[in-house]
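Take a walk through the structure below.

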Amino acid sequence: MAVAVERARGRAPATDGLAIPAWFDRYGRGVADPSTSDLLRDAAGGDQRAWDHLVERYSRLVWAVTRGHRLAYADSADVFQTTWLRLVEHLGQLRDPEHLAGWLSTTARHECLRVLRMGRRERPDEDVAAGVDPQGSAGPSPEAALLVDEERATVAAAFARLSERCRALLRLVVAEPGLSYIEISLALGIPVGSIGPTRGRCLSHLRDLLEERG
Amino acid sequence: MTMAEFEPADREFLTLLRGVLEEIDPVPGPLVEAAQAAFTWRTVDAELAELTADSVLDGAAVRASDAPRLLTFTAGAVSLVVEVAASGVGDVARRLIGQIVGLRPAEVEVRHADGSLTVPTDDYGRFRAAPVPAGPISLALRFAGRRPPLVTSWVTV
């Protein structure tokens, strides 16, 4: 019953300028932790705030996928933007929240491949390894030194020494722990069967690197 | 895979790693803002033409970087083929040459990151647009009369 009431509210006629999205009421004004399902529905109905929430919630995932491919910064930025624009156009067709993370990561992956095959510049390896923000000044800035917490700085340094595949996989796992193996496979182009073993190997390698330093 | 599937020690470690990555490689703020602003491109009544073929994905993995790229968009019986080539010096702009089959739009609007560019079509449904900034683009075909516009899926060029 409550759900029906909320749905009715969320679908108030567009002529009503004061229409309140269902999730805004349910979670209390200003304290919004709406479900992805509510956000998708409200964004499809034209609600900018619902859209903003969706972008905030999933931008880490989309960024992790683009960072998992060897793209120059400008190309990563293009892929990121194209992925969200693509979602804007497909909001009406994508109502199942279960599929959103997979849809976003697959879309981003395809865009990465297009851009790579268009023959645009690849990102230099040093850039990847150092985790340098290409927006920053030229030359590798000691990002790790900026970290106040020493443990975090150590982890950052160890992470930078991992293989590219490990970094890509772990970045994706921490960005969106709910992805299935199939979704990870589609997002990074790693065979489904090797995701579990690779993940285990990457984690233990990271631990080894930390112990070396510790 | 969910966090619950991990050993508690791994879970803790991954949480730490997540915090570290947020510091050393955060999603750039301007990109998040641009993605949020992307919502203004939403079209309510338009029909969507999906990207159904892209020569860079469908062809061989290694190809000449200066060969023109062909994109095909399809919506029902209407199809739109666009050739994308470099425009001018450097890798910052594109030249689009396209043809629409199945319908004759009055004009074609090329929507891109910095705005849009509207060009006419000739008697054969052909059009040409340049320069278009490299980056995400989508085409909106507008018709005379009441037919709703047809917009293509966004794609990076």
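Along its sequence, chain A reads α-α-α-α-α-α-α-α-α-α-α-α. That is 12 helices and 0 strands. Helices (H or I, at least four residues) and strands (E, at least two) are DSSP runs, numbered from the N terminus. This is a predicted model, in which local features need pLDDT of at least 70, side-chain atom pairs count only at pLDDT 80 or more, and totals for chains, interfaces and linings use all residues. Residues are numbered from 1 along each chain as its sequence is written, while chains are lettered from A and ligands numbered from 1 in the order in which they are written.

Of the 214 residues of chain A, 41% are buried. A buried residue has 20 or more other C-beta atoms within 10 Å of its own; an exposed one has 12 or fewer, a partly exposed one falls in between, and C-beta atoms are placed from the backbone. Two residues are in contact if their C-beta atoms, placed from the backbone, lie within 7 Å. Among contacts in chain A between residues at least 6 apart in sequence, 59% join residues at least 24 apart.

Now turn to chain B. In chain A, 46 residues are in contact with 42 residues of chain B. On the chain A side, α4 (48-67), α5 (73-90), α6 (100-117), α9 (150-160) and α10 (164-175) each supply at least two residues. The largest share, 11 residues, comes from α5(A). The chain A side divides into 23 nonpolar, 9 polar and 14 charged residues. Here Ala, Val, Leu, Ile, Met, Phe, Trp, Tyr, Cys and Pro count as nonpolar, Asp, Glu, Lys and Arg as charged, and the others, Gly among them, as polar.

Stay with α5(A). Of its 18 residues, 14 are buried.

Next, the core. The largest nonpolar core has 84 residues, and L61(A), V62(A), F80(A), L104(A) and L172(A) touch the most other members. Such a core is a set of buried Ala, Val, Leu, Ile, Met, Phe, Trp, Tyr and Cys residues joined through C-beta atoms within 7 Å. Beyond four places in sequence, the contacts of L172(A) include A64(A), V65(A) and L188(A).

Last, confidence. pLDDT is the predictor's confidence in each residue, from 0 to 100. Chain A averages 79, and 71% of the residues score at least 70. Over residues 23-31 of chain A the pLDDT is below 50. Residues 125-141 of chain A also stay under 50.
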